[in-house]
Amino acid sequence: MAVAKRKRRGGPAFQAKKLKRNEKDAKAPAKPSDVAEEAAEEERDRIPGPVCKGKWKNKERILIFSSRGINFRTRHLMQDLRMLMPHSKADTKMDRKDKLFVINEVCEMKNCNKCIYFEAKKKQDLYMWLSNSPHGPSAKFLVQNIHTLAELKMTGNCLKGSRPLLSFDPAFDELPHFALLKELLIQIFSTPRYHPKSQPFVDHVFTFTILDNRIWFRNFQIIEEDAALVEIGPRFVLNLIKIFQGSFGGPTLYENPHYQSPNMHRRVIRSITAAKYREKQQVKDVQKLRKKEPKTILPHDPTADVFVIPAEEKPIEIQWVKPEPKVDLKARKKRIYKRQRKMKQKMNSGNAK
């Protein structure tokens, strides 16, 4: 084995072979602008992670239940709201004799800080309470024009548990009591982000519109192709009665001056129909009195016949000749038929001989 020659510095006589560079390393170093563009493209093509991986911070829970005595339409409406709001909870029906402040204790046991309570009266009137438990405020509404999700008029469809968009009328920002209701509706109907039971999609819209001093609720589906809206349901109208400072009670913050109770409305309708009936009866009584009154005979006015022209008198004709008797065609036909019958009988008898 040959001994390698050493240099003065003590290094080996031969140098180690240099490693070949790869094609990627052989290229020139990339510019910072190109690196930024590549990072932007990768970020654009990257599929976002599921929403459920986020942290659930907004722990809003809604208790939706009703009193005893509700009808089938109210029960279906309550079930539709529970299905559309994944952060809602249910409870058994409350007795109508119990006081409303008991609901705060029920919310505390169910670990809920918001409540939607349907109160039925007289088996025909429905009231809705929206409350922030236990400190308030709370609002009482009269529910009208209910259409549920199962009706055939609604043609749309949405994913169960998806998060909705909330759309409010600009009139909510004009008056203070509507601004308070807007905040209350936002906290109740908006699905908390990263809720375990919610889906990571936004495919329907809750709209709240103010018209005729009432709040009109509608639910629309967002169609992906052209972003058009198709109504899903349910739909109902909320007629505001009062806003209270506390939960299900307390000092009154606002009272609707345009509100008319269902009892008063029915009373007005009955009074209108009774007034029409009384008017007809009065007309009939007046007609009977007129028939019983003696007829007044007016004296003959001699000047009334001044322009009357008497008709010409027709001459009286006396008929001296007796009129000819009328020909009875039926009797004549009978005689002819009788004669023909006799002739046929004679001919038949002659042929037989």
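**Exercise 1. Examine the nonpolar surface patch formed by Ile316, Ile318, Trp320 and Val321.**

Step 1. Together these residues have about 610 Å² of accessible area. Such areas come from the Shrake-Rupley method with a 1.4 Å probe, and for residues only the protein chains shown count as cover. Patch members have over 30% relative accessible area and no salt bridge; like charges are joined within 9 Å, nonpolar side chains (Val, Leu, Ile, Met, Phe, Trp, Tyr) within 5 Å. A salt bridge is a side-chain nitrogen of Lys or Arg within 4 Å of a carboxyl oxygen of Asp or Glu.

Step 2. Isoleucine 318 sits in the loop between helix H6 (262–292) and helix H7 (329–352). Helices (H or I, at least four residues) and strands (E, at least two) are DSSP runs, numbered from the N terminus.

The model is predicted: local features need pLDDT of at least 70, side-chain atom pairs pLDDT 80 or more, while totals for chains, interfaces and linings use all residues. Residues are numbered from 1 along each chain as its sequence is written, and side-chain values use heavy atoms, without hydrogens and water.

**Exercise 2. Locate aspartate 212, with its positive phi.**

Step 1. Its phi is about 60°, although aspartate 212 is not a glycine.

Step 2. Aspartate 212 is in the loop between E7 and strand E8 (214–222).
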